[in-house]
Structure formats: C-alpha cells, structure tokens
Amino acid sequence: MPLERTTAPRTKVGLVAGGLGAYWPQFPDLLPQLKRSSARVSERMGELGCEVVDVGFISDAQEGAVAAERLREAGCDLIVGFLTTYMTATMLLPVAQRSGAPVLLINLQPTESMDHDTFDTGQWLAYCGACPLPEMANTFTRAGVPFRSVSGYLEDPRAWERIERWVKAAGVRAALRKGRHGLMGHLYPGMLDVSTDLTLVPVNFGGHVEVLEFDDLRVRVEKVGDAEVKERIGLAREVFELADTVVPEDFEWAARVSLGLDRLVEDFDLDSLAYYHRGLDGEIHERLGAGMILGASLLTARGVPAAGEYELRTSLAMLIMDRLGAGGSFTELQALDFLRGHVEMGHDGPAHLAISARRPLLRGLGVFHGKRGWGVSVEFDVAHGPVTAFGLIQRRDGRFAFVASEGVTVDGPHLKIGNTTSRVDFGRDPGEWTDAWSASGISHHWALGTGHRIGELKALADLMDVELVQI
C-alpha cells in the first residue's frame, strides 16, 4: 500500500546487569562470562527495535546507585534488570525506586541446562540468576514497587517472546503518556455511552486532549490547492478500488478534506483524532463532517487513528491496537448470523486500511444512515484469521478498564452498502457472546485488530494498573 506510516518514537529501554562483586576475585572467569551474556541481552533488545540505554554491569550497592541516577536522567519507558548471578537487593532497589518507569527483572542463564558432571562452583554461579529473584520480589513488594519477571535461558525463544511482550506494552504505555489526542466537534446527540470526561484521559493514561473546532479544519481545507487535490485523488486511486457510485465532485471534496486533515494533525501534533458534527441543510460544517471518511481512513492507515461519532475512548483503543501492530479498525455490532455462528461487526466510518482482507473499496453514498450529508465511504472486511476485539470502559468511579475478546475473521456474505463488515467467529453462540460482551460495560464502539492480542494487552494492563476484562 503506497502509504507512509507516521514515525513513532522508539521505546527507550534502560538496561542494567549485575552480580555480587565478592565473586570476581574468587572466580576470575565468571565476570567476563557474565558480561558477554549482558552484551548479548543488550544486542537482542536492540533487535526488538528499542533504543537501549545500557548502563553496564554493577557489582555493589554504590554502583547500583550510580546506575539508578543515570537511568533516571535517561527517562526510560522500561527498566530491565538482568540478574546474571546472585546479587543483593540493595543493588537494584534504587534503580527501581528512582527511575519512574516500569521494572522488568530477567533471569536468563547461559544455556538450557548445566553440565553437572564437569561444572565447578564458578561455572555454576553463571547459572544462578534465579537465586536472587525471590529476594528482589520480596524487597520490591515491601517497598511498594511493582515489578514483573521473565526467567529462561539466553537464547530461549519463549523467554524472548515474553520479554518482547513487555517491551511492546511499555512502548504503548509511553505512547499514551506522551500522546496528544484530538477531539473535534461535539457529541453525537443522545449517545450517552460515548461521552467521556476529558479529565479522565490524562488521569488514567497521561497525555493531553486537544479540543478542536470544525473551523480549525475548515480554514485548512480552504487553503488546499487544486494541484494537491489532484495528487491526493491519484493516491486514493492507488489505494482503493472505486465503485461506479462514486460521484467525481464528492471524491474531489473528500480528497480536499483529507489534505486539510493532514494539516490539522500536523499543526496540532496529534497522535489520534475523534470527531463528529451534525450540521444542517448542506452548510460547510455538515459537508466537512460528511467528507471525513477518506482522509480519516488514510490517517488511520498511517498510524494516526481517527474515529467518528466523537468516540474518544475508541480512538484511544485504536491507537493501542495500532501500536501493538494489530491495526485496529473502528467497529460496532451490525448483525448476528446464527446460521453460520458469526458476529458481524464494522462501521460506516473510517477504517484501518492496512488490515483489509482485500483492496478496500470506495463507495459513493447518497445517504449516511443516521447522519446528515453524503459522499464517499469505505467498504472492506478485516484480514481473515485471528483477531481481537478491544475497547475501553469508563467505570462509574472514573477508572478506565480494558475489555478484549479473541476470535477469528472468516469469509462469508457481506452487505454492499459502504460499510466495513467483518464476520467474526468467537467459538461460541453469537447471542451468548454478544450478551457477555455487552455486560462488560463497553460502549457500542471498539477497535477490531489482527492477531490474538490478549497476552500483550494483559502486559499493558499490568504496566498501567488497569483492569482487563476478557470475554
């Protein structure tokens, strides 16, 4: 797809390795071996796409304090403490207390098993990273410092899969804490479930909500030139298949609005956007609202999720799924197919083009059901295979919670009405699933992303101290 994604900052991982300095004069070959292991861990972290802040190897509490200060100054998204052999809790506690970042303890011994017949004490100690883990856990718990751990061996694919899960979760947490989320227009009248207390976004996740007017978009659309519109139409023709119902004037208008949206996102430095405007009698704000779908879909595919109907929490859910590599398309329930055992879900608004099962279709609509205006809309289904439905709940006490359910998108008949529609098999009766999903407290919108993501979402929920409801 000829779309360049917006470049997101790399996850910054602080790495400190350590062992008990009393061992070094006793076993001269031990420290060099442990440092080689530490270098390999640093290398593997870099291969995960991280920016690694490696403060080296510590051997006592004094060196631990120095490492703690360096990591605090670095402003890391995740602190990884590598337990290479036995070490005391005094060496790592300052790192955990001062960094202000989530802490992951890893115990990766050199190989799967020791050679018990030939190993001496020094060689055994290189496999002794498990020994201090309970000590660290006890101390961190008593200090009120949350932590998580991964134990395995240096080239253990299962351990690195779990480590990568924590790294990805830390990157999403950072994206939320540093994110700027646009909210443009006003609430769709009557949608009480969609309403979000704006203060709760920075309170629960961090970040900033930028309240925008549709006039902020209007003035940018007015400055778009005809040559730019022609170029944007060319891009859309590359990305989409065009139905014969697309009216050229509507297509041109959608392209013009798309360019204005790009400028809006750039000018306000937005990481996500939610919007809605009702409008009246074809006036300019109604036309802007009706012309959003093309541009919002292109933005979403480039890593700036855009959701209609003023769905701020769903635009955040889409951002989370996108940063996990799952895409995340704007979604609601459409129908239940009891004959085939499928839940049909999608939306008539913006979609994540990068996760389409086929080349997405632009269809011209004379009516946007339940909304004013007319124009072009996107039609496709999400790539067939494992998927995760994911959304945000706003609890009565003001806390946010996650809700997720894993299923499989499958082939089947689809309506041709300018909607995204995916058939999802959740492995149970569609009615029972719908009742359980609704009972979670989710609003009627959420994100649908590719892959089974419960493991990654559990890691994120842990890092953010958020409840995860699994359906």
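The model is predicted, and I started with Asp262, which has a relative accessibility of 16% and therefore counts as buried, the limit being under 20%. I located Asp262 in helix α11, which covers residues 248-267. Setting aside neighbours within four places in sequence, I found Asp262 in contact with Arg232, Leu299 and Arg302.

I then turned to the sheet beside that helix. It is an open sheet of three strands in the order β8-β13-β14, and its pairing is mixed. For the pairing of β8 with β13 (residues 361-365), I recorded a parallel sense over two bridges, with Leu362 in β13 as the bridge partner of Leu242. I also looked at helix α13 (residues 292-301), which lies across β13 and β14 and runs at about 40° to β14.

My next entry concerns another open sheet, in which four strands follow the order β7-β6-β9-β10 with parallel pairing. Here β7 (208-212) and β10 (306-307) stand at the edges, and because each has a single partner strand, one side of each lacks a neighbour in the sheet. I found five bridges in the parallel pairing of β6 (residues 180-185) with β7, and Arg180 stands opposite His208 in β7. Helix α9 (residues 214-222) lies across β6, β7 and β9 (272-276), at about 90° to β6.

Last, I looked up a pair of helices. At what angle do α7 and α16 pack, and how far apart are their axes? For α7 (residues 157-178) and α16 (residues 454-464) I noted an angle of about 55° and axes 8 Å apart, and the two helices are therefore oblique to each other. Their crossing is right-handed. The residues making the contact include Trp166, Ala169, Val172 and Leu176 of α7, and Ala459, Leu460, Leu463 and Met464 of α16. Sorting this contact by class, I have nine nonpolar, one polar and five charged residues; among those in the contact are Arg165, Lys168 and Arg173 of α7, and Glu456 and Asp462 of α16.

Note on methods:
Residues are numbered from 1 along each chain as its sequence is written. This is a predicted model: local features need pLDDT of at least 70, side-chain atom pairs count only at pLDDT 80 or more; totals for chains, interfaces and linings use all residues. Side-chain values use heavy atoms; hydrogens and water are left out. Two strands pair if DSSP finds at least two bridges between them. Contact means heavy atoms within 4.5 Å. Axes are lines fitted to C-alpha atoms, for helices over the stretch in contact, and angles run from 0 to 180 degrees between N-to-C directions. Buried means under 20% relative accessible area, exposed over 50%, partly exposed in between (1.4 Å probe, protein chains only). Angles under 35 degrees count as roughly parallel, over 145 as roughly antiparallel, 65 to 115 as roughly perpendicular and the rest as oblique. A crossing is left-handed if the near helix is turned anticlockwise from the far one by less than a right angle, and right-handed if clockwise. Ala, Val, Leu, Ile, Met, Phe, Trp, Tyr, Cys and Pro count as nonpolar, Asp, Glu, Lys and Arg as charged, and the others, Gly among them, as polar.
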